[in-house]
Amino acid sequence: MGLSDKWQIVAESVRGTAHVRSGLPNQDAVAFYPPPLAASDGHKRLWAKTGSLALLAVSDGHGSPRCFRSARGAALAVQTAIEETRILLRKGLKGVPAPSRKKEIEQRLPFRLVRSWRNAIEQDLRANPFTEPELASVNPNNPFTAYGATLLLAAVDRDFAFFLQLGDGDMVVVSGSPPVSYEPIDRDASLIANETHSLCQDKAASLCRFRYYCFSCKDDRPALILVSTDGYSNSFSTRTGFLQAAPDFLRFALETTPDELHQKLGTWLQETSENGSGDDATLGLIYRGGGNKL
Amino acid sequence: MTGLFKIGDTVSVTGCGSCEVVSHVGGGGQGEVYRVRWNGHDYAMKWYHSASATQRQRDILQELLRIGTPGPDFLWPLELVDRKGTPGFGYLMPLRPANFKSIEALMAGRINPSFLSLIDAAINLVKAFRQLHTKGLCYRDISFGNAFFDPATGGVLVCDNDNIGASNAAYTGILGTPDFMAPELVLGKAKPNIKTDLHSLAVLLFYLLHVGHPLMGRRVLSIKCWDAAARIRLFGEAPQFIFDPVSRANEAVDLREDTTGETGGMALTYWRLYPTKLRDVFTKAFTHGLSAPGARMTELEWLGALSDLRNRIFRCACQTTNFFEGDAADDTVRPACWRCKKPLHRPWLLRVGSDTVVLNADSRLYNHHFRNSAAGFCDFSTALAEMTQNPGDPNVWGLRNLGKDKWVVTAQDGALIDIEPGRAIPLRQGAKIGFGLSEGVII
């Protein structure tokens, strides 16, 4: 399939049509590492080629009346997730033997992500205290609820990958030849209907689900990783249809440039929101780009 | 990321035919695990990544196969496996039954076992490691990823046994999981040995009973980057118990301050529930035991402490487990149930030897209570006595003899009454019961 050794990252996030109608902002957020090649403008032009380490974080602000600052909560979630993960993988794991890496990441990262997010929220609250009208909606037992958001994180390095998920949203991996797609983290059976876990919950770190893969060889690396908020997957009538979209993305990605892929993503997500739930929709891809069309 | 093997692949079992891959179970730092079918039965097959598939690892496995399992609580290697054209090697072991859960599941609140199950799991873990240590072997990598337990019964299974070797052996493989490593190992001043295992075991027991790490308290909050320097400081150079009786520098942080629970918030809750005797042994393990390997709690000391904890289980009328704090000479009981907050009634107690056993409606007594046999210490398989209700008056409780030998009760007037097997004695304060080699008093 002409896969490259280098990762490309392309992501896009669109404001849901329902949000446009009601005047709500886009409450999703996306961030990745290494950062975009060009200065980003909101959620536009989020693409970058990477060396060995690639990180992609997506968050969905809950958006309910009690979560009135969830757009900010989602933005802080992806920022802190990328920063904490980068520090742990690049500095914290130095000297940790390969067999111990999984335990080290699995045990540390959820706590550090949650604590870092809460610290960021506290800082935000100091800079922007709740206004008088907002105070009426604040959960008196847990002011972090105002910023409630999910978190999905995909990380891929030279010889391992891992996935971390708190709350709803989707991650899909495409690998093998012929390429097959699968979900690295099983859907949370404890959640029903639109229930979701959240960074604002007590014990949020314990609710993170985690999956780690060690590549047995170079060819074992995935061809593509898709991370999206549920606004995207909910537009598919079947789960199979959603899973099938990932290899399609890979085929298209290998036939085009990241710029073209990025433009298409924006269009597809817009159509998804218009024809589907009307929710915000965010999707990020890490893939082994063809390399000849950069 | 689809794994090295596909469903239906066959793998040679050294000298014993071949097994067929049924499914991919998971992957870890060292290798991948598959469910395989061999001779009509399902097993787990661990296959090492090339970096871990060393000759030294193969030698360790061959030695483990030669030694054989120390007991039924170990998912011990059964056979080596190889495959032509596939780099590395692996081994077969029994599959872990689905009812055995990880301590991570406990940490995440996905399972909610009773205190009794947790205590029994702790006892069974200690017994398993005692079996290993009495063979001169050490585990080297005890952590909560390597031990599973049945939340319903407290049964345990120790897995990932492929790093086990002789105590103090020259060894360059896994030194342990940093959080569980003894300080002298973290500092590179010792090779894995039974004493370093005892530290790891104490950490594991603390995790199991307190849902938190004994050395991860307030200091964790000041760690900017969780790197080697942080790990060495926290677990090697300056480890400090989160309930250190002298210094609060690394104290457990209340959940209201650190909601993640990583810095001892949950441990703080549990610590307050347990009796002083248990708190004392953990304090010993994580104060003197940190710097002096010889001062660490031995397996027998743990069994004594955990057996005592089990004896102190004390159920409130709301069925919540509390722990009886006083001793036989002291009527002190917790003033109120920690859950329903209602005053606790004084329980029936049996003082036998140095033990004080709370007699709950479902209490049972075992060999070690009667000191009949040192070999059966903490063996809960055969009860020798149980609580029973008078069928004519449910308010009257008695102790039924389930053993093969009669008991001799000394009545208040000095008369001796035989309690034959199957018969029961009504509970009366001051009643003395001769249980063969030992005598108990109802108080």
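Predicted model: local features only at pLDDT ≥ 70, side-chain atom pairs only at ≥ 80, totals over all residues.
## Overall form of chain B

The C-alpha trace of chain B spans about 85 × 55 × 35 Å along its principal axes. Its secondary structure consists of 12 helices and 23 strands. Buried residues account for 54% of the 443 residues.

Contacts in chain B can be sorted by how far apart the partners are in sequence. Taking contacts between residues at least 6 apart, 56% join residues at least 24 apart.

## Surface and charge of chain B

Chain B exposes about 18600 Å², and 52% of this is supplied by carbon and sulfur atoms.

## Chain A

Chain A has eight helices and 11 strands. The radius of gyration of chain A is 18 Å; for 294 residues a compact globule would have a value near 19 Å, so the two agree. Along the principal axes, the C-alpha trace of chain A spans about 55 × 45 × 40 Å. Of the 294 residues in chain A, 58% are buried. Among contacts between residues at least 6 apart in the sequence of chain A, 75% join residues at least 24 apart.

The accessible surface of chain A is about 12000 Å², with 50% belonging to carbon and sulfur atoms. Chain A has 33 positive and 33 negative side chains. The centres of these two sets lie 7 Å apart.

## Thr134(B), in a loop

Thr134(B) sits in the loop that runs between α3 (115-133) and β8 (137-138) of chain B. Is Thr134(B) buried or exposed? Its relative accessible area is 60%, and exposed means over 50%, so Thr134(B) is exposed.

The side chain of Thr134(B) reaches the backbone oxygen of Gln131(B) at 2.9 Å. Thr134(B) can also be placed relative to Ile194(B), which is 60 residues apart from it along the chain; their C-alpha atoms are separated by 9.5 Å.

## Asn250(B), also in a loop

Asn250(B) is in the loop between α7 (228-237) and α8 (265-273) of chain B. Asn250(B) has 0% relative accessibility, and the cut-off for buried is under 20%, so Asn250(B) counts as buried.

Which residues does Asn250(B) touch, not counting those up to four places away in sequence? They are Leu215(B), Met216(B), Gly217(B), Arg218(B), Arg219(B), Gln240(B), Phe241(B) and Ile242(B). With Arg218(B) there is also a polar approach: its backbone nitrogen lies 3.3 Å from a polar atom of the Asn250(B) side chain.

## Val357(B), in a strand

Val357(B) belongs to strand β15 (residues 355-359) of chain B. Its relative accessible area is 3%; because buried means under 20%, Val357(B) is buried.

Leaving aside residues up to four places away in sequence, Val357(B) touches Asn311(B), Trp348(B), Leu349(B), Leu350(B), Val352(B), Leu365(B) and His369(B). Where does Leu95(B) lie in relation to Val357(B)? The two are 262 residues apart in sequence, and their C-alpha atoms are 37 Å apart in space.

Conventions: Residues numbered from 1 in each chain as written. Chains lettered and ligands numbered in written order. Heavy atoms only, no water. Helix = DSSP H or I, 4+ residues; strand = E, 2+ residues; numbered from the N terminus. Rg over C-alpha atoms; globule rule 2.2 N^0.38 Å. Buried < 20%, exposed > 50% of the residue type's maximum accessible area, 1.4 Å probe, protein only. Contact = heavy atoms within 4.5 Å. Areas by Shrake-Rupley, 256 points an atom, 1.4 Å probe, with all protein chains shown as cover. Lys, Arg positive; Asp, Glu negative; His and termini not counted. Charge placed at Lys NZ, Arg CZ, Asp CG, Glu CD. Polar contact = N/O pair within 3.5 Å; in protein donor to acceptor, adjacent residues only side chain to side chain.
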